[in-house]
There are 4 protein chains.
Amino acid sequence: MLDKLKYTVCKANMDLVAQGLVIQTFGNVSGIDRSKGLVVIKPSGMQYNKMTPKDMVAVELSTGKVVDSHLRPSSDTPTHLEIYRAFGQVGGVVHTHSMYATAWAQARREIPVLGTTHADYFHGYIPCARLLTSKEIKGDYEANTGKAIVERFANIDPMEIPAALVADHGPFAWGATPSEAVHNAVLVEYLAQLSHITVNIDPDALPISREMLDRHYLRKHGPDAYYGQAEKDK
Amino acid sequence: MLDKLKYTVCKANMDLVAQGLVIQTFGNVSGIDRSKGLVVIKPSGMQYNKMTPKDMVAVELSTGKVVDSHLRPSSDTPTHLEIYRAFGQVGGVVHTHSMYATAWAQARREIPVLGTTHADYFHGYIPCARLLTSKEIKGDYEANTGKAIVERFANIDPMEIPAALVADHGPFAWGATPSEAVHNAVLVEYLAQLSHITVNIDPDALPISREMLDRHYLRKHGPDAYYGQAEKDK
Amino acid sequence: MLDKLKYTVCKANMDLVAQGLVIQTFGNVSGIDRSKGLVVIKPSGMQYNKMTPKDMVAVELSTGKVVDSHLRPSSDTPTHLEIYRAFGQVGGVVHTHSMYATAWAQARREIPVLGTTHADYFHGYIPCARLLTSKEIKGDYEANTGKAIVERFANIDPMEIPAALVADHGPFAWGATPSEAVHNAVLVEYLAQLSHITVNIDPDALPISREMLDRHYLRKHGPDAYYGQAEKDK
Amino acid sequence: MLDKLKYTVCKANMDLVAQGLVIQTFGNVSGIDRSKGLVVIKPSGMQYNKMTPKDMVAVELSTGKVVDSHLRPSSDTPTHLEIYRAFGQVGGVVHTHSMYATAWAQARREIPVLGTTHADYFHGYIPCARLLTSKEIKGDYEANTGKAIVERFANIDPMEIPAALVADHGPFAWGATPSEAVHNAVLVEYLAQLSHITVNIDPDALPISREMLDRHYLRKHGPDAYYGQAEKDK
């Protein structure tokens, strides 16, 4: 059951390591099979060099109940589930503690759009979800983390800005597939470092104009995109 | 047609990756055959590890029209063309989103001549082209980017300072050949990082004196250069 | 005698190099056999690539006297001994001059708990031991360094915060085994860099709440931990 | 003639590259045979991967005249010669444009003794030679650079602090042998980065006390050194 998705999710977890985004056993990728209502995710605290596709843990999207595995899913699973429930087009979710994105999250600051590199991939600043209340922390903490992300996206299209910071914690990213989610996590880390250096050079650096943001985002995304090759030549 | 130039341009694009200046598919190198009036450039959005010389796309210098290829040229091609048209000695152009140079561009600041490392290669600060107007962004955006670079060099010899930043975007560099252009892009990134650290240590760091700038630049360039070996011993 | 411990300590010293925490010959790991009252440590100033288990030097916990070796133990041995004497659960001690942790030590600042990455491993800020007095420096300097660490932990559980900075010097870390001590030294360096970037982005960055600190620390440690796998599945 | 010294100097130049201190063709190492009054140095602007011992250029200590080579010596040779002439115990000299040390030089600031890592190797701050006058720049520039270094050491023992920064330029280091000079250049770069991070965390970070400086320097150097192994065990 779910062999292909388990393979895809395992590979995406390995890619996360290869991209340098993982410290210790931090970092996890999941993928979803919406037709079956199941999410596949990395097991909790497992070392990356020992992981195989069959170790991936499937849980029910609706209940979080483990299906057919004696391993525990990542402790962040409830956060992933909230994202899948709220954002219907998401096919893969990533969580890391990558250095620069985590620093922005710890500073509780959104990552501003300071240049076209950012605008080429994200159609606006990368939002930072609010701190949780005492009650939320002591209660269903991981689910509440996911709910804070969803709350922050009330007026944002999660497919145009497929990533969020969680205050005092770190970045989450998503995409149409687990592999796209990893790609977006790499970009968030790159932009976090680039923005950090920029504000280091000029603490009052200004965001780019709306026209520049749209020009760069839309030349790569949407019906009028002219970046890259035609489908037949890819 | 243009086999040798396509080989040279493809190799220069590969060198750009080897030098660590490329993030994702950002970054492109072109070269020109002025006798034929043709510019050869990397195809748009193509992955570097799949690229071969025959994938390079030739376009007409005067019109930008693609010659003999079914692939799209880099979306930045019009910027390259403006540089070739205005700077007659340029044989190769490079564009990257390398980390530190892009940060200076995002801070909209020219890179000052803070030491002799800079003066050994560039005969003055590295200029930053102005922000484009709304109209320029919505119009022929990539060509207008090139025009802003050329405008900024009204009183600067582009062969003595073979690089520019574009505000909110990133660095362009050029040279007598594609390979020299890559070399200059590497230097811009190195100087951007070095200057960043310097202003971090002292935000009020002063540029070097005119005498030092000339001494170092001219000991490596021009008729009285005494750095390196005589031609016969190179 | 002590063959297994010498092997373990030698390997831990090698791991320290592999983790990038060693500059020149700085850095040393020790381990203890409490039943025999002996501590095994790296020899002083020895190059890492020439070191073998039999070069490890055993000293008496109570007196510091070398047992059965013609090599000198690390000059920091008296500091290690003070830590073993005061903290009865410690089985391994590490000292490094790793870049970022050393910088915090030189700034004489404790590393605050700025996010959950920190809270997952250390149950509070990483303390900084005070400067030594002139008399302490001129006297039994290395032992006094250890005493200043122990003094700083008067009200801190050394197994919940298994690391300290020494003002103007660098980090020490410990754990139940030499390998765990190395692991904690790696984490201290990571957190030192992460905190540095965070305060760079926001000099007034605030520590996380007590609830968040406890939630993250206790989900990985203690009787109610739910991170990782059950013992049988590890 | 001088085969062994040429081999030593060539290897030291290669080590400089291996240590990551060289950008482009910047960086050169020399060695001296005081009995013959000859200095051997890297040829000017030569690529490191093409260099062999027989390419090393010998010059007279007293006159700077090239002996028995058709290659030009490094353009920095006159600076090296001034150092050899003034500091009689120096056997090797290194010049680099290594990133962090060059940044301190560009900020025209001496590198303060902010911790014991520094004190273990240098018996005081790393001095910065003054800016040259217009006349000195236009005259015998490279020799004048060396004279400014020597002038700065009027009251400093160059064997206790075997390195200097040159304002707006970069670091020079030296030692009893070319290999020791390279070692010191590596340490200068490490300390420059460490100090940079320290002042980043606390712009008002204070130097260590005189007692600490002496304690650490003297435990590794001089008659009462107790760091490392006895001669017979090295």
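Guide: Begin with one link across an interface in this predicted model. The side chains of A:Glu142 and C:Arg215 meet there. Their N to O distance is 4.0 Å, and the contact is a salt bridge.

Visitor: How many salt bridges does the rule find across the interface of chain A and chain C?

Guide: The pair A:Glu142 and C:Arg215 is a salt bridge between these chains. Across the whole interface of chain A and chain C, the rule's count is three.

Visitor: Which element gives the most to the side of chain A that touches chain C?

Guide: Elements giving two or more residues to that side include helix 5 (134-138), helix 6 (141-152) and helix 7 (178-201) of chain A. Helix 3 (99-106) is also on that list. The most, six residues, comes from helix 3 of chain A.

Visitor: By class, how many residues on the side of chain A that touches chain C are charged?

Guide: Chain A brings 33 residues to the contact, and chain C brings 32 residues. On the side of chain A, 11 are nonpolar and 15 are polar. The charged residues number seven.

Visitor: How much area do chain A and chain C bury between them?

Guide: Carbon and sulfur atoms carry 53% of the buried area. The total for chain A and chain C is about 3200 Å².

Visitor: Which three residues supply more than any other three of the area that chain A buries against chain C?

Guide: Together the three supply 21% of what chain A buries against chain C. They are A:Arg72, A:Met99 and A:Gln106.

Visitor: How far apart are the closest N and O atoms of C:Glu142 and D:Arg219?

Guide: Chain C and chain D have three salt bridges between them. C:Glu142 and D:Arg219 form a salt bridge. Their closest N and O atoms are apart by 2.5 Å.

Visitor: How many residues of chain D are in contact with chain C?

Guide: Chain C and chain D have 14 residue pairs in polar contact, counting pairs with both residues at pLDDT 80 or more. On the chain C side, 33 residues are in contact with chain D. From chain D, the number is 32.

Visitor: How far apart are the nearest C-alpha atoms of chain A and chain D?

Guide: Chain B and chain C have no contact, with their closest C-alpha atoms 11 Å apart. Chain A and chain D do not touch either. Their nearest C-alpha atoms are apart by 11 Å.

Visitor: What ipTM does the predictor give the complex?

Guide: In chain A, the mean pLDDT is 94, and 97% of residues reach 70 or more. For the complex, the predictor gives a pTM of 0.94. The ipTM is 0.92.

Terms used:
Residues numbered from 1 in each chain as written. Chains lettered and ligands numbered in written order. Heavy atoms only, no water. Contact = heavy atoms within 4.5 Å. Polar contact = N/O pair within 3.5 Å; in protein donor to acceptor, adjacent residues only side chain to side chain. pLDDT = per-residue confidence, 0-100. Buried area = accessible area lost by both parts, 1.4 Å probe. Helix = DSSP H or I, 4+ residues; strand = E, 2+ residues; numbered from the N terminus. Nonpolar A, V, L, I, M, F, W, Y, C, P; charged D, E, K, R; others polar.
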